[in-house]
Amino acid sequence: MRALLTVAGMLGHGGSPPERARVRLMAVGAALATWFLFGAANVLALHGQLDQRFGPIADPGTRGGSAFGIALLLLPVAAFLYQSGRLAAADRERRLSALRLAGATPREVRVLGAIEVTRTAALGAVVGAASYLLLQLAARSLLPPGSRADVDVPPLWGLAAMALVIVAAAISGMRAGGHVIATPLGVTRRANVRPPRWYGLLLLVPPCTIYLAVWLLAALGDAGFFSDGARLLMTLSLVLVPVALMRSAAWMVWFAARWVGRRAGSAETLLAARALEADARPWGRALAVVGLTVSVGTGVGLVEADFLAIGRHPDPFWVTSFVLVSLALLVAIVVAAAALLVHQAESLLERGPVLAALRAGGASERELRRVLTRQGLIASVPVCGLAVAASLVTLAGGVAIQGVWSLLTIGHSLLMGGLGVVAAVLVTTASRRRLRRAIAPERLRTE
Amino acid sequence: MTLLEARHVEKAFGRTHALRGVSLTIESGETVAITGPSGSGKSTLLHCLSGIMSPESGEVHYAGRRIDDLDETARTRLRREDFGIVFQLDRLVPELTAVENVALPLLFAGRGRAEATTVALGRLDEVGAADVAESRPAELSGGQLQRVAIARALVTTPKVIFADEPTGALDSVAGERVLSLLMGAARANKATVVIVTHDNQVAAHADREIVLRDGALVGGVMA
Amino acid sequence: MSTGHILLGLLTERPKHGYELKREHDERLPGARPLAYGQVYATLQRLERDGRVAVAGTVQEAGPERTVYEITEEGTAEVRRWLAEVEPPAPYVSSPLFSRVVMALVAEGAADTYLLRQRAAHLERMRELTARKRAAGVSVGELLAADYALHHLDADLRWMETARQRIDDLIQEIRS
């Protein structure tokens, strides 16, 4: 074991630039995860009633939900971590499998890989914890002395959170390399021929049926006599909407890509659709988070519109809550977009020679850029569209009684959906420089 | 008639000089092999002649027009309309079927999908690869891949076909078959061919040889 | 290898007369020097003396009467034995090409221009052979012969490139 640690130390200094980028990105992901877990722990550590301006964390009753909300931000971070772990995975496998030729057993190689990712994850967790505590120190100096909000993250919880992050990030990092198979003599890519499953969509059936039925009953004038049990069932079925969206995002991306690919009339659309069809899972993972934010955002919009509809002046509790939730949704979209960005970088790295050959054959850089943009559109429009539709259908009963204010709910939902699409397209625009590098004539050189 | 001409073309990558003042002319309809040991700058010369990159100094003329100082848009159009390019293996788009790969240049040129597909199928048939039209590159053998690549280079009926080690990874019999196809198709379309190769037997398929050494021409320029 | 073995090999198919054997020899081994009829006749007589072929009869086609020979059991055994041997891998360093390069170095101190001229000549010959392979209705024998020549010319060219690099290195070494 000591010898392995020595080798791991030696390996730590090497690696190609994309590999070093992977280490940095994974550390950032682990740091973010630590942040959110610390935040959740911090909320749970609060005692008693606080000033209403603290919003959802002021009241002991809503703290559990708030902590859960913060913890939900781990979802986009997980997507980001996984995508980062795939970056230059082929390089990593090649480097590690070269050790096999030097006499390492497959088990030793796996252990070395585990040491590498664990080291990265630990670095991220420590940086995350340290920066959180520093920022907390700064924030607490702003609080009035003796404030009840002045609490630490319980040390044991903090350590547990860090351990959780390290273990989860390490496992994710190890699994992320699964699409390449390494032997001592080389690395091959495993083609994932199995298209994503569609079963996730079935989860949309109960909430949509229930709410459409309720809506219909309301239209017939039979509303208002639901038992508590029925109301509970309705609320529970609501939870299925985001779950369904997340479970089926990859399938939707794949299906939309196939549909568009068959009908594509232009080279750009054809290339975009076919590339997406072969690569639906990573897009699905990131867009699942976007779908989740759209459906949560629609719910928030409904509550907001309710307030305005009944003409009540919202108190500080609600204002803070709305702001915090919107902030969390924004963070989730940004992190999901970052995951897509990392994926885009990896795929440009890998497809460089093919794209360079297309350019050499007479495709302009602008056209190839359009391929990327269309990829973003084909992937995000169906996922965001369905998220908006499913959310609005299930909330239709609530929306219907809002009168003119329902426009606010619908607008909010569309805004969230639009934001998801814009984020996906922006990611492709951000990859411009990488595309230019990928198609540089130097990439054509074979000698 | 002179179709392609390089005048004192120089190109460097960082500190290494890939080309040091190369001048040559290529006549319309001839087939030329650019040979030389690896690192001699032959691929770079092909990239400069085909407008994929611009030389640092010197001029490249095509059909009486200077092309090295054109902007990227104009050079892209030139490559799309007048040139066809064949690379080594693995440069086809992996997610597209063979026929879609071949149709791609036509689609980029703004032709409709149905029309592009018909033309592409015709070209695949011409190179004896009609039976693999619906296969994806991963399912094809090296020889089949190169046939598809040749069909793709021919699909726009280019005036010049550039080929960079077109038989690179093929065994000699498969390589010869692919090369004969390329030459035959080029002759049938009255296209000029410029092949970069390190293989003397490939060079023997061309009318003329241009030998590069350390980025400069040596002998072989006489027709 | 001898002409006798080739004639025996051709006779394994069926009995043939002398003129037929000459024609088939020239057709199937297009790269080889054509056989003189006298040589065929002499060889057949020697083979008959050794009991490897026997006269099977005569035929009269458009021209004169011809003697048909057939292979004997002993002859068949001899062909088998011959095919089971390998050709000794000859060191071809006695080639005139090699001598010229060495002499160019001795007499002129450089072989570069000679090598380039020789390269052009080699490639010209390779182009002819390649064109011949492309011709319509080319036989397998002709293809194999052209391949054989092409590979040997190719080997010469590769050796010439190596020689050029070695001489370059040597000159660099002397200069520095």
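Me: Two strands pair if DSSP finds at least two bridges between them; what is the order of the strands in the open sheet of chain B?
Reply: The order is β6-β7-β8-β3-β9-β10 (chain B), which makes six strands with mixed pairing. Helices (H or I, at least four residues) and strands (E, at least two) are DSSP runs, numbered from the N terminus. This is a predicted model, in which local features need pLDDT of at least 70 and side-chain atom pairs pLDDT 80 or more, while totals for chains, interfaces and linings use all residues. Residues are numbered from 1 along each chain as its sequence is written, and chains are lettered from A and ligands numbered from 1 in the order in which they are written.

Me: Which strands stand at the edges of that sheet?
Reply: β6 (83–86) and β10 (216–218) of chain B do. Each has a single partner strand, so one side of each is left without a neighbour in the sheet. From one strand to the next, the twist averages 25 degrees. Angles here run from 0 to 180 degrees between N-to-C directions, and axes are lines fitted to C-alpha atoms, for helices over the stretch in contact.

Me: Parallel or antiparallel: in which sense do β6(B) and β7 of chain B pair?
Reply: β6(B) and β7(B), residues 160–164, pair in the parallel sense over four bridges. Within this pair, V160(B) in β7(B) has F83(B) standing opposite.

Me: Which helix packs on the sheet there?
Reply: Helix α5 of chain B, residues 142–154, packs on the sheet and touches both β6 and β7 of chain B. The direction of α5(B) makes about 165 degrees with that of β6(B). Two residues are in contact if their C-beta atoms, placed from the backbone, lie within 7 Å.

Me: Changing topic: which pair of chains shares the most contacts?
Reply: Chains A and B do, of the two pairs of chains in contact. Chain B contributes 29 residues to this contact and chain A contributes 25 residues. On the side of chain B, the elements that give two or more residues are α1 (42–49), α2 (72–81) and α3 (98–108). The most comes from α3(B), with five residues.

Me: And how many residues does the contact between chain B and chain C take?
Reply: That contact takes 11 residues from each of the two, chain B and chain C. On the side of chain B, the largest share comes from helix α7 (residues 200–203), with three residues.

Me: How far apart are the nearest C-alpha atoms of chain A and chain C?
Reply: They are 18 Å apart, and chain A and chain C do not touch.

Me: Back to chain A: at what angle do helices α2 and α3 of chain A pack?
Reply: Helix α2(A), residues 17–44, and helix α3(A), residues 60–72, pack at an angle of about 175 degrees, with their axes 8 Å apart. That makes α2(A) roughly antiparallel to α3(A), since angles over 145 degrees count as roughly antiparallel, under 35 as roughly parallel, 65 to 115 as roughly perpendicular and the rest as oblique.

Me: Which residues of α2(A) and α3(A) meet?
Reply: F36(A), G39(A), A40(A), V43(A) and L44(A) lie in α2(A), and they meet R63(A), S66(A), A67(A), I70(A) and A71(A) of α3(A).

Me: Lastly, what does the domain assignment of chain C give?
Reply: The assignment, which comes from an automatic or database source, gives domain 1 (3–84) and domain 2 (96–175). The centres of these domains of chain C, taken over C-alpha atoms, are separated by 37 Å. Five residues of domain 1 of chain C are in contact with five residues of domain 2 of chain C. Over residues 7–80, chain C is 50% helix and 23% strand, and the end C-alpha atoms of this stretch are 13 Å apart.

Technical notes. Pairing = 2+ DSSP bridges.
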